[in-house]
Amino acid sequence: MQGNILLGLTVGWPFAAALLGYLAGRFSKRMRNYAVDLSILLELFLIASLAVQVWQGETVIFEAAGICSLGLCFVLDGFRALFGLLSAFLWLMSALMSNEYMKHERNRNRYYMFLLFTLGATMGVFLSADLYTTFIFFEIMSFTSYVWVAQNETPQALEAASTYLGIAVVGGLILLMGLFMLHHLLGTLRIDELYEAGRKAWTENSGQIYTVGALILLGFGAKAGMFPLHVWMPKAHTVSPAPASVLLSGILTKAGLFGILSVSCNIFRYDPRWGTVVLLLGMVTMTLGAVLAVFAVNLKRTLACSSMSQIGFVLIGLGMAGLLGEENQLAVRGIVLHMMNHSLFKLVLFLAAGVVFMNLEELELNEVRGFGRRKPFLQLAFLSGALGIGGIPLFSGYVSKTLLHESIVEYIHEGGTVLGSAGFTSFVELLFLFCGGLTVAYMIKLYYALFRNRHPVRQKEFEEQYRNYANPVTKLTLLLSGTAIPVLGILPGATMDRIADSTETFFAVHPLEHEIAYFSLVNLKGAVISVAVGCFVYFFFIKKAVMVREAPGCYGYKNLWPDWLDLEKKVYVPALTKWLPSVCSGIFRIPDRLVDFIILTLKETLYRPLRLQTESEEAARISRAERLRGRMESHKWMTISLSFGFLMCCIGIVIMVLCVL
């Protein structure tokens with residue numbers, strides 16, 4: 001082992017703390033809570049002290065040769081320091097709220113242990129210097145965070161956990177295949193060496209490199225919530241504890257984006273073809289997530305679909321970075337700042353949703369409507385997150401969305417085209433502004449449901465019996481989370497610009513040569529258009545179609561999203577349990593019948609046995625009905641075998657990783 005031992009400790013400490021916290025919980029629940037909180041606070045101090053060294057110009061690296069064959073290597077730069085700090089901060093806020101949220105839940109020791117395991121794995125992803133290290137901790141993160149989704153052990157939680165694990169395993173296997181091919185093509189997986197190695201291999205193996213890129217994009221995109229592997233997000237967030245949802249949405253999706261960025265900004269740096277593909281995927285992800293959020297009538301499901309949409313915004317910025325080439329500074333800054341902002345938005349919004357759930361144990365809008373009336377502290381915290389994610393001026397989301405929008409405008413002014421059409425490029429801008437408007441619309445829906453609507457039966461109970469809806473520590477987490485958003489938005493030059501400047505080395509971009517006038521009329525125009533679209537969608541669609549007036553000041557909500565648009569139930573599950581077995585049985589039926597024919601021919605000629613006189617021809621034959629019944633039984637067992645095989649595959653991967661370690 002060589003390098004800065006503190007960097008290795010930053011990754012290893014949460015794993016050790018998880019075991020210590022679990023042992024402490026066997027004797028005292030309060031001792032365990034204190035141990036977990038202090039452990040995460042120490043992690044925050046560790047990464048902060050290392051970040052200071054990076055900002056002073058020092059090189060921070062740690063390498064453990066021989067582990068997992070290729071060794072583990074960690075490095076810290078401005079981008080990694082930002083998301084290391086952000087991860088530790090979100091984990092601390094989540095853990096502080098968990099003390100009250102999980103007070104009456106079962107299996108709390110298990111929850112806290114895997115909370116810290118996942119922190120260590122996430123740090124391993126963000127601090128990794130090569131994609132091999134990234135992959136190992138990425139898979140550990142997937143398996144440890146699975147426990148969060150299955151925490152309640154209800155049928156809905158176990159089903160959502162199964163979907164989450166399925167997408168994680170499929171994505172992991174695709175990613176591993178891509179990394180094997182990438183190492184074979186380039187001879188290295190070090191992130192800072194990918195650009196030069198890719199340039200040398202590009203002329204001879206461009207087709208294979210694009211194939212590798214597609215595999216890696218799908219593998220990391222599964223965790224990021226990118227279409228079409230997004231189906232886990234709405235289900236997992238709805239059933240998992242709210243403090244875990246903070247981390248699933250705010251940080252774990254960024255771990256997926258980290259992998260995509262590592263490849264895009266090195267192997268495919270300035271590549272317009274790659275930029276176009278990522279842009280198109282971002283457009284679909286952004287639009288579908290926003291539309292799902294508009295139709296959702298569950299508080300956490302709406303926020304989960306919103307996360308998918310915001311990941312789409314980031315992917316659009318990444319696509320524009322590829323299309324703009326060396327002049328992609330605005331797009332890159334927008335990517336970094338919107339990733340950071342989205343983490344802060346979902347921190348405060350999911351914490352607010354957690355306050356609602358731990359009081360009412362409900363998340364459906366029809367059951368929680370009116371809960372926030374006469375609760376100004378909760379209202380201000382939620383409003384801070386809602387205005388931020390809506391891109392309202394003086395809140396941090398406005399800054400990052402303005403940068404992303406201006407990168408599209410810059411590409412249009414340069415005469416750039418998408419898919420060979422200047423008109424399609426203009427459509428990208430219009431869709432960006434429209435989806436920003438949908439964000440405003442569904443956040444107005446949630447704000448009105450919680451703080452302006454009325455419950456037809458329990459409203460008086462909400463306003464009188466739930467005055468003490470959270471303890472002081474939970475309120476402190478809401479205060480810290482909600483305050484950061486307007487502070488960053490009011491002073492973007494002193495805060496957000498400096499943050500973006502510190503991350504330039506990771507993206508290898510040229511420094512920005514001029515200051516950005518965020519509050520000029522030209523830049524405010526985009527925000528005004530999105531707000532206008534959002535108000536129009538809310539008042540003329542959501543209020544007319546989704547909401548139903550039951551009494552003065554009292555509106556109900558109805559679910560209009562059709563079941564046949566559920567990709568998981570209508571496409572993915574049938575594909576694995578029906579279509580794939582049917583296709584495979586059809587393919588293998590040909591050689592199976594050929595073998596049967598050969599055996600039967602040999603049996604009737606060279607190896608003809610003596611037939612018993614008592615054996616009748618009818619008894620020797622299998623009836624058509626019995627054959628059909630046999631096929632049905634075979635299909636049933638094939639389905640069960642797929643599930644069993646899938647489980648064995650998961651266990652095998654875990655055992656393989658443990659053995660290699």
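1. By class, 10 nonpolar, 3 polar and 1 charged residues line the second largest cavity. Here Ala, Val, Leu, Ile, Met, Phe, Trp, Tyr, Cys and Pro count as nonpolar, Asp, Glu, Lys and Arg as charged, and the others, Gly among them, as polar. On a 1 Å grid over the protein atoms alone, a cavity is a set of points where a 1.4 Å probe fits but cannot get out, and lining residues have an atom within 4 Å of a point.

2. The structure is a predicted model, in which local features need pLDDT of at least 70 and side-chain atom pairs count only at pLDDT 80 or more, while totals for chains, interfaces and linings use all residues. Residues are numbered from 1 along each chain as its sequence is written, and side-chain values use heavy atoms, with hydrogens and water left out.

3. Of the 14 residues lining the second largest cavity, S264, C265, A321, G322 and N328 lie nearest its centre. Two or more lining residues come from each of α11 (299–324) and α12, with α11 giving the largest share, 3 residues. The helices are DSSP runs (H or I, at least four residues), numbered from the N terminus. The space in this cavity is about 120 Å³; a volume is the space filled by probe spheres set on the points, which are joined across faces, edges and corners.

4. The count of cavities of 30 Å³ or more is 2. By class, the lining of the largest cavity has 5 nonpolar, 8 polar and 1 charged residues.

5. Helix α12 (residues 329–360) contains V336. V336 counts as buried because its relative accessibility is 0%, the limit being under 20% relative accessible area (1.4 Å probe, protein chains only). Beyond residues up to four places away in sequence, V336 touches F79, L82, F83, T503 and F507, where contact means heavy atoms within 4.5 Å.

6. The largest nonpolar core has 204 residues, and W148 and F382 have the most contacts inside it. The largest share of this core, 20 residues, comes from α12. Such a core is a set of buried Ala, Val, Leu, Ile, Met, Phe, Trp, Tyr and Cys residues joined through side-chain atoms within 4.5 Å. Leaving aside neighbours within four places in sequence, W148 contacts residues including W91, Y111, F114, P241 and L252.

Definitions and conventions. Buried means under 20% relative accessible area, exposed over 50%, partly exposed in between (1.4 Å probe, protein chains only). On a 1 Å grid over the protein atoms alone, a cavity is a set of points where a 1.4 Å probe fits but cannot get out, and a pocket is an open set with protein on both sides within 12 Å along at least five of seven lines; lining residues have an atom within 4 Å of a point.
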